[in-house]
Amino acid sequence: MKTALDFSDIDAGMLAEVGGKAANLGELTRAGLPVPPGWALTTEAYRRVAEGLEIESGDGLAEKARRHLLEAPVPDDVREAIVTSYAALGDDVAVAVRSSATAEDLPFASFAGQQDTYLNVVGAEAVVDAVRRCWASLWTDRAVAYRESNGIDHAAVRLAVVVQVMVDARVAGVMFTANPVTGRRRETVIDANPGLGEAVVSGAVNPDRFIVYGGEILERHAGDKRLTIRPLPGGGTERVETAHDGLCLTDGQVRALAELGGRVEDHYGAPQDTEWAIDEDGRLWLTQARPITTLYPLPEPTRPGLRVYFSVNVVQGVMGPLTPMGLSAFRFVSSGAAGVPGYGPADPADGAPFMAVSGQRMWLDLTTAVRSRFGRAVLPRMLALGEARTVPVFERLAEDPRLSVVHTSPRPVLRGLSRFARRLHAPSRVLLALTRPKKGLAYAARLGEQLDRRLRLPEPVTPAQRLDHAERILTATFPAILSIMPMVVTGYGLFALASKLSGVPIADMQDVLRSVPHNPTTEMDLELWHLATRIEPEPFRKEPVAELVRLFEAGKLPPVAQREITAFLAEYGHRGVAEIDLGVPRWSEEPAHILGVLANYLRMDGGADLAPAALFAKGAEAARSAIAHVVSEARRKGRWRGAVVGFGLRRTREFAGLRELPKFYLVKTLAGVRRSMFVVGEHLVGRGVLDSAQDVFFLGFDEARAALDGGDLRALVAERRETHERESRRRHVPRILLSDGTEPEALATVPIDGALMGTAASAGTVKGVARVVLDPIGAHLEPGEILVCPSTDPGWTPLFLTAGGLVMEMGGAMSHGAVVAREYGIPAVVGVPDATHRIETGQEIEVNGAAGTVTIS
């Protein structure tokens, strides 16, 4: 391999060996784009200098590696290549010497600014020294920490060095070919400042900002531009305090930059983060291009025009990606759901017309609702119950002229609702809830028994029959379990009616919903707590969770603990964290989370009054008092009102807890299908198609069926696992996403006082120490600490038993976390933007669950 390369010699396929900047500049040069001349030193040169460097993670690694690279001699042939290539540029030409690591510009991490750049380097020896310092900058403390946070192996990283002729820049800066804040594609954002671009890149100055879309300059904002970085004669740079009035780019230059950015994006087929400069002669130069790694990938549009997508993952609190089989399962589930009102697809494997996938996550296409008069009236009310933060976003979308109302007649929606009600037998279910509540509850329980029977497969059964059964039951289960909801809606409808008849605001009636019966999630949590009171405390008080798992799986826990935990998992082992993904292990498979929670419970100190069972009983008493108060207020307005309100609130408590039951049954279905697919996976391992039965979850149902005839899918599974792992590291998932890439929530104004506002979810005020938890597995919450988290599903709720309060980034008053918090009587505020970033573990905060505020002390 050559040691030094001219940009025009660099092949894009050498990216892993040459480094991102070098390969990109080579491509741009060959594409005829204006790149300053220069050359690159390949990673082979770095490898030779780095020989003998022992790479072991731990304290002092970065300093040791830097010292080795700064002290190691540069091989003679490498030095000669540098000197010769530099001389070929001319006599004492000023150059920029820039690092280009093989781990840069990855799909999940840009590494921008992690390695060093040296500007206005003059003279061969100075260039050699700058190259050496670039090599050493692969081991800056920040670069080492960044690699470790992104799971990148230090030993696998190499560094090339790019040497470019300096542009005598009159003005320079950066340009994004998609808006990095809002995500809007083809909306070019340009930051510019007089002098070298380092002032803009390093954030040392407030530059001028321009936003361009479709050739039109949408925004011009003049920065103070108080600092300019200039080259010095003979090498180096200086920082000069300056004062510039007006803008440093003309409209013509702004449009020329945007046009050039469009050409670069077209060349690479993806939005780009570029650096540029305009010299004293007015010529425009590109000095760098890299992909923008922070943009969320767009769903594949199924229809023309601007589309509005709503994240199912965010609402469910599952921020990570779903497995391919998990997504495939939800296509069948969504097909069954869409079939109830008569909108199911011809092939259930395709999924409902309103379902989309992007970033291995599920999205709902809400465009029809946004552009419908009926949808604009109804959807915000529905969202207010479960996802309140989305309501103002939805209302702003309604003001976008591109999303004007086109569906004016309510008839199609009413026809769909009519079919929906008929097929769920909604009128008879409502009547049952009103007149015969015990029979209604019995129906809900009987539905679960029927589901258990349907999940059982007679033996013997072939792998193909297992796949047939899985597809049938996934399609059919959701319509069946949805038939519970008319009774739930009846309960909440009577709750609202009681508020209207009594004159008591709904916000002041939240105690009515405390400790409601028939909620499978709270029943599960309380059973886990009772379990902790029945089992032997040793070894839970002293052994780590990994040892508890080993003892349990070997059947060597104390007898009562072994028996009771086994029984608990037989009843609730189908649950888990991120349980909506069929490809995710259940508690019955990986009991570490449950054993860890039990250990936390058994280490708690506190009186009987703080036990969850006692708190739950107090909640039920508070509910009775609340009902009495509301009935009393209603009687003031008429005797009949008091009777109706009392009747309505009793029915509310009977049926509100069933809200969690459809999901409980759905998750049980997914767990049953998962067990069956394990068997299919074992069959495919026996056929040599897969390495492990677990690998079947990285196939869709159609792929698993095709694989029954043989083949080798191990490479495909490995690729998908890598993609899944990469998506798991994505730090941000939008709540609402437009098909042009815009994240409407990013357009919202953040309160200047930094107040943390959300949606009131569970009344009460509590002060306590915050505990930010991003993953409940292994999390420890001291009694009274306030849980701060992105969102919750039932896998989180055992933590609620010791929490003093709850703050969630997602959700509304009727979201899962809010419902459970009310039942446990802990103050809660949900829908708090960026709560897990704005609050830190250990901070003292106050949660006002009635006002919807979170105050940081």
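This is a predicted model: local features need pLDDT of at least 70, side-chain atom pairs count only at pLDDT 80 or more; totals for chains, interfaces and linings use all residues.
**Entry 1**

I began with the strand order. I found 4 strands in an open sheet, running β15-β16-β14-β17 with antiparallel pairing. Which strands stand at the edges? They are β15 (355-358) and β17 (736-738). Each has a single partner strand, so one side of each is left without a neighbour in the sheet. I noted an average twist of 35 degrees from one strand to the next.

I picked out S358, whose bridge partner in β16 is R361. Next I asked which strands helix α11 touches. Helix α11 (residues 324-339) packs on the sheet and touches β15 and β16. The direction of α11 makes about 165 degrees with that of β15.

**Entry 2: the cores**

On to the nonpolar side chains. In soluble globular proteins, such side chains tend to be buried together. Here the largest nonpolar core holds 120 residues. Those with the most contacts inside this core are F540, I565, M677 and F701.

Leaving aside residues up to four places away in sequence, M677 touches M325, R466, L467, A470, V696, F697 and F701. Apart from this core I found another, of 38 residues, which includes V93, V121, L138 and V157.

**Entry 3: a helix pair**

How do α4 and α6 sit against each other? The axes of α4 (residues 61-71) and α6 (residues 124-136) come within 8 Å and cross at roughly 160 degrees. An angle over 145 degrees counts as roughly antiparallel, so α4 is roughly antiparallel to α6. I logged the crossing as right-handed. On the α4 side, R66, L69, L70 and E71 make the contact. From α6 come R132, R133, W135 and A136.

**Entry 4: E54**

My last stop was E54, in the loop between α3 (43-49) and α4. Is E54 buried or exposed? Exposed means over 50% relative accessible area; E54 has 53%, so E54 is exposed. Even so, I found that E54 touches L61 and K64, again not counting residues up to four places away in sequence. I also checked E54 against H68, 14 residues apart along the chain. Their C-alpha atoms are separated by 9.7 Å.

Terms used. Residues are numbered from 1 along each chain as its sequence is written. Side-chain values use heavy atoms; hydrogens and water are left out. Two strands pair if DSSP finds at least two bridges between them. Helices (H or I, at least four residues) and strands (E, at least two) are DSSP runs, numbered from the N terminus. Axes are lines fitted to C-alpha atoms, for helices over the stretch in contact, and angles run from 0 to 180 degrees between N-to-C directions. Contact means heavy atoms within 4.5 Å. A nonpolar core is a set of buried Ala, Val, Leu, Ile, Met, Phe, Trp, Tyr and Cys residues joined through side-chain atoms within 4.5 Å. Buried means under 20% relative accessible area, exposed over 50%, partly exposed in between (1.4 Å probe, protein chains only). Angles under 35 degrees count as roughly parallel, over 145 as roughly antiparallel, 65 to 115 as roughly perpendicular and the rest as oblique. A crossing is left-handed if the near helix is turned anticlockwise from the far one by less than a right angle, and right-handed if clockwise.
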